[in-house]
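Please keep the coordinates in view while reading.

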Amino acid sequence: MRAPEAALPLLAEGLGYAAGGVAILRGVTLAIEAGPPLLVIGPNGAGKSVLLRLLHGLLPPGAGRIHWAGPGPKRDAMVFQRPVMLRRTALANLEYPLALAGLPRAARRARAEAALAESGLAALAGRPARRLSGGEQQRLALARAAALAPEVLFLDEPCASLDPAATRAVEAAIAGIAARGTKIVMTTHDLAQARRLAGEVAFLHRGRLLDHAPAAAFFAGPAAPEAAAFLRGELLA
Amino acid sequence: MKFRYRIVYIRPNGRQAAANRGRNRRRRPVDQAPGRPAPWPGTGIRVNDLGAAFATALHLVAEGDPAVLRIVGLSLRVSLAATLCAALAGLPLGALLAVTRFPGRQAIIVALNALMGLPPVVAGLLIYLALSRSGPLGGLGLLFTPAAMVIAQTLLIAPILAALSRQAMEPLWEEYAEQLRSFGAGPWRAVPTLLRDGRFALLTVLLAGFGRASAEVGAVMVVGGNIEGFTRVMTTAIALETSKGDLPLALALGGILMAIVLAVNVAAQVLRDAAARAGG
């Protein structure tokens, strides 16, 4: 399932992005290496979601470049804040990207069923995905991305619209995926969640990357005063 | 020379019409017998005639008159075939327009929307010109055959199917676009995905196209020629029988046509409801 060669580290150099004349990201330089989850935090409008979309390749950078420095092929997947469920059964939702990846029919059925079982959703296999609850949909979206066995999994505020019980289930699923060796790169505006999940933290403010440090060091004493204010719960302008 | 030859070709049909006129003339003296109510102003139709016509129409439908059945059967075959042909081109085109952005896309959309209002006789005229002896496809000998009627109706409704399916696919694409791109699906892969996942919306699009095809008279009249037992469909038969004054047959066919259109719309509604329940 896992290609022998890694595409990581993922290097972003001087990334910039503007929409409608408004600069959203400016001069972001960041190296993402294999390891524990990277949590991208910062106030609303800091450019967290745009950064993930640039890294995943959904948006073209306005400035700078993104470079997968490893020798292997790029294998990354993304889960969005609002899960996009295809109008099919839960199982068919898992099979769809596997089919796109070129897996033969029998193999993708087996892989999809295994991924459903792994995420505790096996009982929902035959249900229309769009009839599932929000938490179930997000867990299904995570299982769908994980079934691709990506080297990097980008998560954009995956718990933003979920209740605490569903959030707990989704966080457990994320931790499980990380434990199986996938690099998690996840945005959140929820500091408590960042403390629970982060192995390293990147702090974005007004489109600039102000800090990138191991989680323990960051939460003990962030380098940037804005990050310190953010940790104290102050409202950043 | 070619033009003259074409006139010879349609003469059997002309003779048929003449014969119909003759039969009509024989009947007229009975209608004009003394003691009957005065005709409806400007129509020559009498109230008693209308009542009798309705009764006869019901009788024709109830007993399954073979002439009526043949006409209805041809109508359904022609319009279903045209809907199928138009769908093969129109639905993928509509979905492709929903997922792609390129220069000229807006112009194509405007053109399709304009073509939705293409008058059926104009569609008929274009196909007539293409299929006539001197036209580019004249060698096929398709003019005044059911195949020509299928082609004309296909031309008529393909833009409708394309424009409506684009409208139906656009919100679905808005929802799917980012996720499908994340999966690595390009536009060519997205089109079949949208067609499959939007199938309920597309069925109502198909039904709209079928309704339009089965209800139009101009295109099939021009390219089919309304030849009895060969290219006569419900709408052309209604037009002919009404002008002849044979109201029972016209009413019977009109009733069947309306029932079909109604059934199509009921089916569309049921499908929409089913789709909504399925979380469509």
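A crossing is called left-handed if the near helix is turned anticlockwise from the far one by less than a right angle, and right-handed if clockwise. In this predicted model, local features need pLDDT of at least 70 and side-chain atom pairs count only at pLDDT 80 or more, while totals for chains, interfaces and linings use all residues. Residues are numbered from 1 along each chain as its sequence is written, and chains are lettered from A and ligands numbered from 1 in the order in which they are written.

Chain B contains 11 helices and 0 strands; helices (H or I, at least four residues) and strands (E, at least two) are DSSP runs, numbered from the N terminus. Of its 280 residues, 36% count as buried, meaning that 20 or more other C-beta atoms, placed from the backbone, lie within 10 Å of the residue's own. Two residues are in contact if their C-beta atoms, placed in that way, lie within 7 Å. Among contacts in chain B between residues at least 6 apart in sequence, 77% join residues at least 24 apart.

Two helices of chain B illustrate the packing. Helix α10(B), residues 234–244, packs against helix α11(B), residues 247–277, at an angle of about 150 degrees, with the axes 8 Å apart. Axes are lines fitted to C-alpha atoms, for helices over the stretch in contact, and angles run from 0 to 180 degrees between N-to-C directions. The two helices are therefore roughly antiparallel, a term for angles over 145 degrees. α10(B) passes α11(B) in a left-handed crossing. Residues making this contact include Met234(B) and Ile238(B) of α10(B), and Leu253(B) and Leu257(B) of α11(B).

Strand β8(A), residues 200–205, pairs with β9(A) in the antiparallel sense over 6 bridges, and Ala202(A) stands opposite His212(A) of β9(A).

Where do the chains meet? In the interface, 14 residues of chain A are in contact with 14 residues of chain B. On the chain A side, β5 (76–79) and α2 (90–100) are the elements that give two or more residues.

Terms used
Buried ≥ 20, exposed ≤ 12 C-beta atoms within 10 Å, placed from the backbone. Pairing = 2+ DSSP bridges. Parallel < 35°, antiparallel > 145°, perpendicular 65-115°, else oblique.
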